[in-house]
Amino acid sequence: MHHQNRPLSAAEEERFGPDPVSAFRANLAAVEERIARACERAGRKRASVRLLPITKTVPAPVLRLAHQAGIRHCGENRIQEAEAKRADLADLGMEWSIVGHLQSNKVRHLCGFAREFHALDSLRLADLLNARLEREGRSLDVYIQVNTSGEDSKFGLRPEALMPFVETLERFPRLRPRGLMTLALFSSDMERVRPCFALLRRLRDTAAARNPALQELSMGMSGDFEQAIEEGATVIRVGQAIFGRRPTPDAFYWPASAGAETL
Ligand SMILES: *Cc1c(COP(=O)(O)O)cnc(C)c1O
């Protein structure tokens, strides 16, 4: 199979600039600097935080350039987009994580290529994933998504539902629960964002007492990852700070987030 570097389209050049490799390198260096400072403030080691680049809406030819800039792992919100790009980029050996809500008819697709899933929020999904993984003879790292903002979102467990969920997950041997994931309140007011991270950390401590494998905290995005690191994040999911602004509004990915500011 031929995987050619096609030239960028005019629209891609408009969005990513004339030299995306240099731009991504510079952005990654700036993100690294912010991570290092947040770790220092929190008295943490840099190695305790994993940067998961979020590549949704970044087209495959641009991801080839991101690979040249050092990106080896792609976090995607939607299965179809992830699968298509993975096929285009098969020669690069990128790793793929799914971080967004999963519909049950996409379980088979996810199990075909994803290394980890950050948005597990129902037993029905756990059951379907486990059955599919069983057939494929593999297992999957999963993060349990918790709704820490109290927003009327249909994604993520309510905090009170977490412990029974953790206990029931023990029935699904193909799932390897690694930790918790959350989307904090969408607000530029960090005094309202930070409590979401602190809550996830407390929930993780409680959950880890039951299942010591639950150590990870997947929290923090471009606008708030420093606060997340200060509150204990071990995985930060960063898109726009690396790849530039997305043309699609966030409401496209989180329909329920509209109106969050009015809470
Ligand atoms: C898009 C997305 C992110 C990254 O958001 P940025 O603002 O681009 O950093 C993080 N987590 C999830 C679940 C996402 O869908």
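# Briefing: ligand site, cores and selected residues

A polar side-chain atom of N77 lies 2.6 Å from an oxygen atom of the ligand, a polar contact (a pair of N or O atoms within 3.5 Å; within protein, one must be able to donate a hydrogen and the other to accept it, and residues adjacent in sequence count only if both atoms are side-chain atoms). The model is predicted: local features need pLDDT of at least 70, side-chain atom pairs count only at pLDDT 80 or more, and totals for chains, interfaces and linings use all residues. Residues are numbered from 1 along each chain as its sequence is written, and side-chain values use heavy atoms, with hydrogens and water left out.

**Ligand surroundings**

- The ligand is surrounded by 14 residues, the closest being K56, N77, S222, Q240 and R246; a residue is near a molecule if one of its heavy atoms lies within 4 Å of it.
- The shell comprises 7 nonpolar, 4 polar and 3 charged residues (Ala, Val, Leu, Ile, Met, Phe, Trp, Tyr, Cys and Pro count as nonpolar, Asp, Glu, Lys and Arg as charged, and the others, Gly among them, as polar).
- A backbone N or O atom of G239 lies 2.9 Å from an oxygen atom of the ligand.
- For R246, a polar side-chain atom lies 2.7 Å from an oxygen atom of the ligand.
- The protein buries 98% of the 390 Å² that the ligand exposes when taken alone (areas by the Shrake-Rupley method with a 1.4 Å probe; for residues, only the protein chains shown count as cover).

**Nonpolar cores**

- The largest nonpolar core has 73 residues, of which L110, F117, L120 and L129 touch the most other members; such a core is a set of buried Ala, Val, Leu, Ile, Met, Phe, Trp, Tyr and Cys residues joined through side-chain atoms within 4.5 Å.
- Helix α8 (residues 190–210) supplies the largest share of this core, 8 residues; helices (H or I, at least four residues) and strands (E, at least two) are DSSP runs, numbered from the N terminus.
- Leaving aside neighbours within four places in sequence, F117 is in contact (heavy atoms within 4.5 Å) with residues including I98, L102, L110, L125, L129 and Y143.

- Helix α3 (residues 60–68) is largely enclosed by the rest of the structure, because 8 of its 9 residues are buried (under 20% relative accessible area; exposed is over 50%, partly exposed in between; 1.4 Å probe, protein chains only).
- The buried residues of α3 are A60, P61, V62, L63, R64, L65, A66 and H67.
- Their cover includes α1 (10–16), α2 (20–42), β2 (73–76), α4 (79–88), β3 (95–98) and α10 (240–243).
- T57 lies in the loop between β1 (50–53) and α3, and T57 has a positive phi of about 75 degrees although it is not a glycine.
- T57 counts as buried, at 17% relative accessibility.

**Two further residues**

- N130 lies in helix α6 (residues 123–136) and is buried, with a relative accessible area of 10%.
- Beyond its neighbours within four places in sequence, N130 is in contact with F172, P173, R174 and L175.
- Q215 lies in the loop between α8 and β7 (216–218) and counts as partly exposed at 41% relative accessibility.
- With neighbours within four places in sequence set aside, Q215 is in contact with R178, G179, R204, A208 and T234.
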